[in-house]
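The following questions and answers examine the structure shown below.

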Amino acid sequence: MTRDVCAPMEGKPTWMWWAALAVSTAAMLVGAAAVTYQVSTGIGTWGLNRTVGWAFDITNFVFWIGIGHAGTLISAILFLFRQRWRTAVNRSAEAMTLFAVMCAGIFPIIHMGRPWLAFFVIPYWNTRGPLWVNFRSPLVWDFFAISTYFLISAVFWYIGLIPDLATIRDREKPGLRKTVFGILSFGWNGSFRTWHHYELVYLLLAGLATPLVLSVHSIVSTDFATSVIPGWHTTIFPPYFVAGAIFSGFAMVLTLMIIVRKVMRLENYLTMRHIDAMCKLVIATSGIVAIAYATEFFTAMYSANAYEQFVFMNRALGPMNWAYWIMVGCNVITPQFLWFKKIRSNLVAVFILTIFVNIGMWFERFVIIVTSLHRDFLPSSWALYAPTPIEIATLIGSFGLFFTAFLIFCRVLPVIAMGEVKGVLTFGRRAKGATK
Amino acid sequence: MTEVPETGWLGSRRLTTILVIALVFGAGLLVVGFGPVRLAGNQQGYEPTQPIAFSHRLHAGELAIDCMYCHSGADKSRHAGVPAASICMNCHKNVTSTFGAFRAEDDLAKKEKRPPRPIISAELRKLYDALGLDDARKPDPAKAATPIQWVRIHSVPDFVHFDHSAHVNVGVTCQQCHGTVQAMDRLRQDSDLGMGWCVNCHRTSNQTGIAGQPVRASIDCATCHH
Amino acid sequence: MSESDPKLITSPTDDWSTSRRTFLRAAGFTFASAMFTGCQATPIRHAIPYLVQPEDIVPGRSVYYAGMCGGCTAGCGVLVKNRDGRPIKIEGYRDHALSQGGVCAVGQAHLLGLYDSLRFSSAQRDGQPVNWTEVDAEITAQLAKIRGEGGAVRYLSGTVNGPTARTVVEKFLGGFADARWVMYDPISSSAILDAHERTHGVRVLPRYRFDKADVIASFDADFLATWTSSVEHTAGYRSRRSPDDAAVPMSFHVQFESRLTTTGGKADRRVRVAPSQMGALVTSLAGLIAKRAGTEFAPAAVAAAETDVLENLADRLWSARGRSLVVCGSQEIQTQVLCNFINHLLGNYDQTLDLAGASNQRLGSDSALAGLLEELRAGRVRALLIDGVDPAFDLGAPAELADLIRRVPLVVNFASRNDETAAVSRFVCPDHHPLESWTDAEPVRGLVNLSQPATPPLLNTRSVVESLSTWMGEARPGLDIVRATWEAKVFLRQTAQPSFLAFWERTVQDGFCTVTPEPVAAAPFNAAAVKPKAEAVPAAAGQLELVVYPTVGMLDGHHAYNAWLQELPDPMTRVTWDSYACLAPATAKRLGLAEGDVVRVTAGTPDSPGPSLECPVVFQPGQHESVVALPMGFGSRLSERFANVGPQWLQSQPAVGDDGRVGRNAAPFVAMRDGARRFDGNPVQISPTGRSRPLAATQLHHTLSAPEELSGLGFERRDIVRQTTFAALHAGAGHDGHGAHHGPSELWSQDHPVTGPKWGMSIDLSACNGCSACVIACQVENNVPVVGRDEVMRQREMHWIRIDRYYEGEGDDVAFQPMMCQQCAVAGCETVCPALATLHSEDGLNQQVYNRCVGTRYCANNCAYKVRRFNWFDYPHADRFQNLVLNPDVTVRSRGVMEKCTFCVQRIQEARIAARARGETIADGAIEPACQQTCPARAITFGDLNDPNSALSKANEPAQISRPGRGRHRAVGVVPGGRPESRRRGRPSWLRLHPYSGCRSSPATRRSAR
Amino acid sequence: MSNRYVVSLFENEHDLLEAVRTARERKFTIVDVHTPYAVHGLDAAMGARPSWMSWACAAFGLTGVTTMMAFQYWAAAVDWPVNVGGKPWNSIPAYVPVTFEAMVFAAGLGMVLTFFLACRLYPGRRARVPDPRVTDDRFAIVLEEADAAFDLDDVRRLFGRLGAVEVREHVSEVAP
C-alpha cells in the first residue's frame, strides 16, 4: 500500500497533472497581476462604493474559510468519533484546509485600503504610547482566529505527516530527496515511546481543533452579527455559518476527491463508501442551511422591524435577487438529488452537484454581504454593486493558488495518511494474522 | 541502560541551546521595545549644518536672550516661528561681529595708530546678503534679497497638528521638548518627537501638573490628528 | 515650495522694506509645502522665514479680512480667512446687512478660482501672451484713432454697481463721442426693471423684504436659490419661518411654478402651472385683489382648477396688506406689470418692496443688449470692451456671435479665463480675481461694500479700473483709484465719520458702510400701464414648453471651471457633472423614456424647428407635465479642462461628454421676445435618440417609501423625516411618542463620563432649503477631494455633508435632510475598527484618525447613515498651484483611508487652545463648523450639549418633537437621526440596543393631515 | 554497558505484541520497539504509564487563557483606556473570542513543542532505525545484550517461533 500511495510522488507526473498545474498556475498569475494592480492603484479598482464597502473580498474570504473547515472537521471531528473511513481522506482534507486558509487569509489583507499597514491590527509593542488594538473589533478576533486556525491546522497536518515522511525517507536511495525527507521527518524512527506520546498528542490536537473550527467560523460570522446592519445583525449567524462552512467544505472535499482518485489512481483507498458518506453529510448540512434561510425570513417577519423586513424582501425580490435565487437553487434545491442512491453512486452527477454547492455557497456569502449593505437604513444612500474585472481576476487567482498548492502537494507529499491507513487495514486483518 | 550520546546533525543539545538563546534574545528585543532600533522617521539627534552658523549657545546661553524674543510665535500660534531676518537686524544692525574680534581690531588699530576698521563677520555677512544690504547695512540695489533657507530640524509628520501656544501658555518650558538649547552651538533635535513621547508627557502632566499648576492635557486622538 | 513655484517668490525690489508682501507670500507658502513633501526617510526640509516680518502677521495664525463675495452680483459681505498670506476660506459675515452671515455654494467655491492654474497669467493678444506695455500701447493707439474718428465704442458688462467701476467706466466712455455702456445679466431680471419703468417711471429692481412678509405669493420666482439675491432672501425668509416661538407665527408661502424649485419645496402650498399659463394666473390674482380693493380691473376668467387656491390666497394677501409680498420670476414684462399692480393694490410698496433702498443687484437690460446685437450685426461698433460676461456663451449663439465679435476692429476682453468670448477677442486684459483687488459695490442703494485684496495678485493680471485708467493716460494703482472715488463720491453721502481717513479706515475694516441712498425718482403708480394679460392660448394637448433655469451650482455657467461646483449635486436631481432634460415622470412615461435616455430637444414647433441639443433625461417629480426643463450654464468651454479630472485607471471614464465639455449649453433656447430674454414658455419638441447616458447622481432612490413590492406590511414609508403643523407643535401634539422613546436599561456599565463640553449639533429641517452652501463650505474647509464624474457614478462622492432630498408623493412636497456624521455616542463604527482608528473623544466627538486607518471599510459598512467616505484612490493633488487652497489645519488624506465629518474638529481645537490661553472656557458660539458658519438659512446650531444655556440645548428643547407643516421640518437633536435626549444625558444612543431602530426614533414626525 | 544489540523484525503487530510480552516475561532489556504505525495494545504490553502530554496541554492552555485575558484587560482598561463606541473600559465579553483562540493556540503549539522536546524530534535529527522497513511494514524489537547471560541463539529461536522474519545482532556504540 505504501507503494500505491507513494507512486504519484516517485514516478513521473502525468500529462494530466502538468495540464492541471499549468491551468491553475496561469489562474494564480492572473490573480497576482490583479492584486498587484489593485494594491498599487487603489481599492477603487474594485466595484465597491460608499454604501457597499465589502463584496467580493469578504465573500471570498468567508468562502475559503468555509472550504477550509471541512478539512479540519474530517480529520479532527471524525477522528474523535472514530470514523475509520476518514483515514483515507484526512490528509488531503487537511491540506485543503491549509491551502484554503491561505487563500482566505489573503483577502482580509488585500481588502484593506493600506495593506502595507496590515500589521496595525496586531497588538505589538510600539512607540505610540503604546497604542494597542481594539479587542472589541471582530476583525481583531478574526486575526487571532485565522492565524490560530492556520497554525493549529498546519501543526495537526504536519504531526500526521511525520511518520509518512519517515516512511518515504526510508524508501529513498541516498540523495537529495532522502536528505530533504530526512530533515522534514524530524528523525522519526517509529519508536514505541514516541508513538506512545504521539497518539495522545494527536488526539488532543483533534480535540483542540474541533472547537477551534467551530469558533473560527463563529468569529467570522461575528463580523456581521455584531454589526448594526439589518441582514447582518442576527444571532443565528454563528451556527448558520458553521453549518454553511461544513456544507461547502464537504462539497469541496468531494469535488477534489473525485478528481484526485481519478487522476492519482487511488480508487482503492478513496472508495465509493467514502463518497457516499460525504454525500449524506452534504444533504444533512444542506438541510441545516435551508432551515437557516427560512429562519432568517421568519425572524425578520416576526421582528416587526421595517428595516429587517425590507432587507429580506429585497434579497428575494430586489434588484439583486438573481444572487439570492442562485444561492437557494444551488444550496437547497440541487443537493436534494443526493437523496437518491443512484445519484450518489454516479461520480459525474456527484461531481456536478458539488460544483453547484460550491457556487451556491459562494453566493450565500455574497448575498449576505452585498444585499444587506446595498439598501440599508437611509434610502438616500442606496446603491448597487457590480464587480470589476479586477475583482473577478482576484477570485480566479485565489482558485489558481488553491489548486496550484494542492497539485504540488499531491506530487510531493503522500496524499493518504499511510500511518493511519495501515493501522486500520492491519487492524481489520489481524484476526487472520495476515500481512499485506 | 545508559544514554547514548547523540551525534545527529548538529547534536540535539547544541541546537536546543542555540534555539533557547535565540528565543531569549528575540523576546528581550521585544521587551526593550525597539529601544536601540531607530524607527523610520525618528530624527532624534538630527543636527544638520545650517546656512548661517547661528549659535544658540551664544545667544540663548551666554547672552541669555529670551527664546520668545526671536521665536515670538510660540505663545501665540501653532508655529513658534523661525525669526525673520528683520528680528536679527534689531541687534545686528550694530553688532556686526563678535566682541573679541572688535577688541582685537581696536587693539590693532591703537597699535597701528589708525581708526578701527569696521569688521563684519563672515556669518553675519550672509545675513546682510540675504537682506540685500551692503557693508554699511544700507539697501544695496545691486543685491537681490533672498530668504534664508534654514534647515528644518523639528518636524512632525503632516498628519500631526502640533500647537506651540497650547504648550507654552500652560508653562511647558522650551527645554522640556527641545533640550538644553542654550548649550548647543549647532541646534540638535533632542527628543524623538514620537507619539509615545507626546502621549506619555501628556499623561504625566495630568498626574503631576506643569510648573505646579494642574493641567488637563488631552490624550484624545483629535487633539493632534485631524 | 521654493523649488516648485519660483514665480511666487519674486525678487524683491530695491527697497526691501516695501516688498514685504512678496516675502509674506514666500513665507506663507513655505510651511504649506511641508504638506506635500513625500515621506522619504530623512527628507531635508527647509524653514524659510520672512526677511522682514509684518507686524500683524503671526505665521500659523489666521487673519480675517472683511470683503465682498465676487461670485455673483448679489454683493454679499464675506470674511476672507487668510493663513500665512493666502486666502484659504470664505466665511459668512454676520454683521453684513444683506447676507447676514450666509454665503452660498458659489460664494464658497469661487475661492478656487483664485488658485486656478488655467487662469490667464498675463495679457493676451490673439491668444498669445504679451506683456502689458505692448498691449497698452496698441490699445491706446487704436482708441485714440477711434476717438478721432468718432467711432462707436461699446462697453458690454454684467451688472456693475460699484462706485469706482461706474465712475471709471463712465469717465472712460465719456472720452468718446459715441460711447454706450450695455449691461445685461446672463440670468436676466430685465422684465422686472422694465415693468417698474412702466408703472413707476423708473427702471428699478425693488429690494424684496421677505423678512417683513406675512404672506408670500411667488410665481415662478426661485427666490431662495437663484433669483436676484438668494442669500439675502433666504435670511429674510428664514427669519419668518422659525418654528421656535409660538408667539411669532410662520409666514405663509404659496408657490406657483412650472418646475420643482427648492423654493417650491419649502412652500406651504405649491401649485404646478405651465409657464404659458403663468400670465393668466397673475392676471386672475390681480382681478381678485382688485375686486377686494374696489379697483376697476377686468380679469380674464380664472383657470378653474386654481380658483380655490387663488381665492384663498387673495383673502390672505388682502388681510395682510402691507405685510404681504407677491413676486414673479417671469421675463414677460406685462406679467411683471400685473405683479407690480397687485403689490401696489396691497400697499406693499415701501413696505415689503423697498424702492428707496432699491436693489442694484440686477441692472441689465435685455433690450439694450438687443440693441447692441443689432449694432454688431450692422457692423457699426468700432470698439467693444467686454467686462465680466461671456456673451458668446451666455447668448447661446457661439458661431454667429463669435463672428460678429471677430468683425469688430478692437475687442478688449477682461476675462480671467479662456471662455467662448475670450477665445475670439483680439485682446484679453485679464482682471484680477476678486480676492486680489480693491473692489467696491453698492448692491442695494445705501449700502456700499468695499473689499480689500486678501492677497496680492498671484498672476500677472490687472484690475479693470487700472486698465481703463491706463488707457485714459492716468495709470494709477487700484487702491488710489478706489480711494479717490470714495473720497469724491461715497464719503459725501455719509455723516457718521468726520474725516475721510477715519471713514476710509473704518470702511476698509468693516468691508461695507451705510450711506444715504441716491434718491429713486419713482413716479406715482401708473395704472394705465396695467393691462390684463390676454387669456393664455390653451396649449395644444401634449405641446411641451421649455424652461431654461439656473442651478445653484452652475448659475450662469461662469463658474464652470470650478470642479467643486461641477461636483456639487443639484439639490433636486442630485445629478453632478452633467446637464439633462428634466421631465415629469408622467410625461416621460407617456413618451416612453427611461431615466438616462438621451433625447434630442428641439426648440420651436415641428413646422419651424429652432436650435436643438441632445442630453439625457432626468425624471423630476413635482414638475408640470408640459414642461421640459434644461439647466443652464453647462457645456462651457471652461469645462474642457475636466477631461481627466479624478483618478485615472483602467476603467475610468472622462467627466466630459463626447464634445469634450461637461453638459450642453441651454442658452440657445433662450429667446428674445417682447424686449426681454425669455427663459421659459417656448415650445419645444422632444425625440428619443435610442442612446442612453448614465447620470452621475449621488442619490438613486428618491422617496422615503420603500419600493412597493419590497415593503413589509405597515412599513411602506420610512420614518426618517417627520412633519407636523406649527399649531400642533406648540400644542405639543406633534409628539407621537417616538420622540420620547426611552432608552432601555444599559447592558454595559457607563464609565465614560463627559465632564467638559459635549459637542452636538442640531439642524432645523424647517429652515434648510437645500441650497448646498454647507456642502461646498465643508469641502473647502476639510480639503475634501473632487473625484470626477466616473467616481460619482460609482457612488463614491466624497462630500462629508450631503443633503438628502426626499419627495413626498408626486413631488409637491420635498424634504431636505442634511446628513453628516452623527457623532453617535454608542457608535457602531468605533466598535468594529480593529486598529482603533475611530474612537470617541472626551468631548463626545467620533474621531477619525487618518494615519491609523488601514482601510478595512468595516466602519463605513456599519454606519447606519452611510456618512463615512473612503479614499478609493489617491485623489489627484498634482496641481500645486491649486493645492494652495488646501486648509493647512486638515490632513490631506491618502488613498485607502476612511474619512468623515468631525464637526470641524480643527476649529474646536483652535477655539479650545485660544480659550485656554485666555484662561476661559469656550464661549457658546465661539465654535462654528464650516457648514453652520456659511448656512444662509441659519439651519444649523452647534454647541455644548452639557451646557443647559447653550443655543444648542435651547434649540433642542422644542425639537424633542419635530414639527412642521408642509415644508416645515425640524430635526431632532443632533441632526436628524440622533436621539437628543440620550445625547444630552450623555447616554449612549440607539444604536446598540436597537440596532435597527436608529432611524425610527429619529427625526421628524410623520406628515400632518393638512 | 554493552554495545551489542539484537534486532528482531516481525511482519505484523500481532506477532510483535506476543514477542514483546514474551520478552518482558523473560526479563529481556527492551531498548525500543519500532512500528510503522501506532499499534494498539503495545502500551499495555510494554507496561507504559499513560502519556503526560495531556498535562502539558492543560498547562499551556491555562497559561494562554490567563495571559491573553490579562493582556487584553491591561491593554484596554489600564494601559490606555479609550472610549470605543461607548463600551466600558473592561468589556470582558468582547475579550472572550481572542482569549479562546489564545488558549487553543497556546495549548496546541505548547503541547506539540513539548512532545518534540520530550521525544527529541527536531528538523535534521538523524533517524536511527534498526531497519529501514520499520517505517513501512516491519515491526522491530531491539534488545540489549545486557549481560553475559544473554543468549543470542535462544532469542533467535524464541522470536523465530513467535514469527520473527529476521533476528540479527547489531554491534554499535549507538542503539540502532
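Helices (H or I, at least four residues) and strands (E, at least two) are DSSP runs, numbered from the N terminus, and the expected span of a helix is 1.5 Å times one less than its number of residues. This is a predicted model, in which local features need pLDDT of at least 70, side-chain atom pairs count only at pLDDT 80 or more, and totals for chains, interfaces and linings use all residues. Residues are numbered from 1 along each chain as its sequence is written, while chains are lettered from A and ligands numbered from 1 in the order in which they are written.

Q: What distance does helix α9 of chain C reach from its first C-alpha to its last?
A: Helix α9 of chain C covers residues 275-293, which are 19 residues. At 1.5 Å a residue the expected value is 27 Å, and the helix is close to it, reaching 27 Å.

Q: How many residues of α9(C) are buried?
A: A residue is buried if 20 or more other C-beta atoms lie within 10 Å of its own, exposed if 12 or fewer, and partly exposed in between, with C-beta atoms placed from the backbone. By this criterion α9(C) is mostly covered, and of its 19 residues the number buried is 16.

Q: Which residue just after α9(C) takes a positive phi?
A: The phi in question is about 70°. The residue that takes it, just after α9(C), is Gly294(C).

Q: Which element supplies the largest share of the side of chain C that touches chain D?
A: Two residues are in contact if their C-beta atoms, placed from the backbone, lie within 7 Å. In these terms 14 residues of chain C are in contact with 8 residues of chain D. On the chain C side, α23 (828-832) and β34 (838-840) each supply at least two residues. The largest share, 3 residues, comes from α23(C).

Q: Which residue in β4(C) stands opposite Leu79(C)?
A: Two strands pair if DSSP finds at least two bridges between them. An open sheet of 3 strands in chain C has the order β2-β3-β4, with antiparallel pairing. Strand β3 (residues 77-83) of chain C pairs with β4(C) over 6 bridges. Opposite Leu79(C) stands Glu91(C).
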